[in-house]
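Subject: Two-chain model, handover

Hello,

Please find the model we talked about below. My notes on it come after the structure.

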Amino acid sequence: MGIEQKAANLGFATMRLEQAVNWARTYAMWPMLFGLACCAIEMMAGQAAKHDMSRFGMELMRATPRQSDLMIISGRVTRKMAPVLRLLYDQMPEPKWVVSMGDCASCGGIFNNYAIVQGVDEIMPVDVYVAGCPPRPEALVHGILTLHEKVRGESLKTWA
Amino acid sequence: MNEELQPAVTALKERFDARAEEFRGQTTLFLPSDQIVEACQTLHDDFGFDFLEVETAVDYWPKQNPRFHIVYQLYSIQKQLRIGLRVPISGQTPSLPSLTGLYANANWREREIWDMFGIHFEGHPDLRRILMPHDWEGHPLRKDYPLGYEEVQFSFNAEEIDQDKPYAKE
């Protein structure tokens, strides 16, 4: 009989440390309030009653980067805003993830000009890209679930 | 033309070198740049145009010379009348007097015109960039400013563009 079955008979549930840590990180991920433009409205709709992101642990959106894990960049990033964005990203403590929501944050969207950064991955590493202009709240929730799968597959060494 | 505007237009034509144009019920007066402040002062004091609604600029390069037109639109709240003024001006860094002494909301509009067109306003208390980053070079809404777009990635050139694009590493 393995130790797991022995422990289970005694009333202990066992799992690997990696699984436990990733499970905890997934279900208590606090996003940072970073709505820039129209996608922010859909993010708010995702947070509201009908499509509820607090089902996934994202009950509160922290306005301060010091207490948040996830940055959902929703909206166009201008060249003037780009250094501010990088500063806020650097202020977030690890482990941290980035979801690029919408077309403008992923690739510049319909704005291909001097003023808009063509994709926020020019500034910071992105984990999940959510396409749409703006993406429906369900699409954002799908993006969050994809991020959860990614986090579940991470090893301890990623953020150690 | 709206009959109530007629006295204002006549007064401006007498005192300044104004040329009037009318289009679809909207009256526009063309004025030279050194008379614009006095003309607006006259309209403000004598004819009750107390609200500056619009102050922007247009660049007509290379089709028209003078190249820039500064467009003002004054509104009278009491009488509900609108009148438009245009100041044609040209040059690489043109300059004209500021309306901030008369209308306080001209402050940010003139900052925007400076930022986007490079038209300097004399007498403006704080003329600096408002929309672009403060160390930006160039004035984006001029017609000779490059569009600044990134080449569109199709399947045949996607990898080449990808290699040159600056991605953040960490």
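This is a predicted model: local features need pLDDT of at least 70, side-chain atom pairs count only at pLDDT 80 or more; totals for chains, interfaces and linings use all residues.

Residues are numbered from 1 along each chain as its sequence is written, and chains are lettered from A and ligands numbered from 1 in the order in which they are written.

Chain A: sheet and helices

Helices (H or I, at least four residues) and strands (E, at least two) are DSSP runs, numbered from the N terminus. Two strands pair if DSSP finds at least two bridges between them. Chain A has an open sheet of 4 strands in the order E1-E2-E3-E4, with parallel pairing. Strand E1 (31–32) and strand E4 (128–130) of chain A are its edges, each pairing on one side only. Strand E3 (residues 97–101) of chain A runs parallel to E4(A) and is joined to it by 3 bridges.

For the angles, axes are lines fitted to C-alpha atoms, for helices over the stretch in contact, and values run from 0 to 180 degrees between N-to-C directions. Contact between two residues requires C-beta atoms, placed from the backbone, within 7 Å. H3(A) lies across strand E2 (70–74) and E3 of chain A, at about 130° to E2(A). H6(A) lies across E3 and E4 of chain A, at about 170° to E4(A).

These two helices also pack on each other: helix H3 (residues 38–47) and helix H6 (residues 137–152) of chain A make an angle of about 75°, with axes 8 Å apart. H3(A) and H6(A) are therefore roughly perpendicular to each other (65 to 115 degrees; under 35 counts as roughly parallel, over 145 as roughly antiparallel and the rest as oblique). A:Glu42, A:Met43, A:Ala45 and A:Gly46 of H3(A) make the contact with A:Pro137, A:Leu140 and A:Val141 of H6(A). By class, the contact of H3(A) with H6(A) has 5 nonpolar, 1 polar and 1 charged residues. Here Ala, Val, Leu, Ile, Met, Phe, Trp, Tyr, Cys and Pro count as nonpolar, Asp, Glu, Lys and Arg as charged, and the others, Gly among them, as polar.

A:Ala139 lies in helix H6 of chain A and, with 18 C-beta neighbours inside 10 Å, counts as partly exposed. Leaving out residues up to four places away in sequence, A:Ala139 touches A:Val130 and A:Gly132. A:Ala139 and A:Met101 are 38 residues apart in sequence, and their C-alpha atoms are 9.4 Å apart in space.

Helix H1 (residues 3–10) of chain A is hardly covered, with 0 buried residues among its 8. Just after H1(A), A:Gly11 takes a positive phi of about 100°.

Cores

A nonpolar core is a set of buried Ala, Val, Leu, Ile, Met, Phe, Trp, Tyr and Cys residues joined through C-beta atoms within 7 Å. The largest has 33 residues, of which A:Met71, A:Ile72, A:Ile73, A:Val77, A:Val99 and A:Met101 touch the most other members. H3, E2, helix H4 (82–91), E3, helix H5 (103–107), E4 and H6 of chain A each supply at least two residues of this core. A second, separate core of 28 residues includes B:Leu43, B:Leu74, B:Val87 and B:Trp114.

Chain B

Chain B has an open sheet of 5 strands in the order E1-E2-E5-E4-E3, with mixed pairing. Its edge strands are strand E1 (19–23) and strand E3 (51–59) of chain B. E3(B) and E4(B) run antiparallel and are joined by 8 bridges; B:Asp59 has B:Phe68 in E4(B) as its bridge partner. Strand E4 (residues 68–76) and strand E5 (residues 81–89) of chain B are also antiparallel, with 9 bridges. In the hairpin of E4(B) and E5(B), with 4 residues between the strands, B:Gln80 takes a positive phi near 60°.

Helix H1 (residues 6–15) of chain B lies across E1, strand E2 (26–30) and E5 of chain B, at about 10° to E2(B).

Between the chains

12 residues of chain A are in contact with 11 residues of chain B. The side of chain A that touches chain B has 4 nonpolar, 4 polar and 4 charged residues.

Regards

Key. A residue is buried if 20 or more other C-beta atoms lie within 10 Å of its own, exposed if 12 or fewer, and partly exposed in between; C-beta atoms are placed from the backbone.
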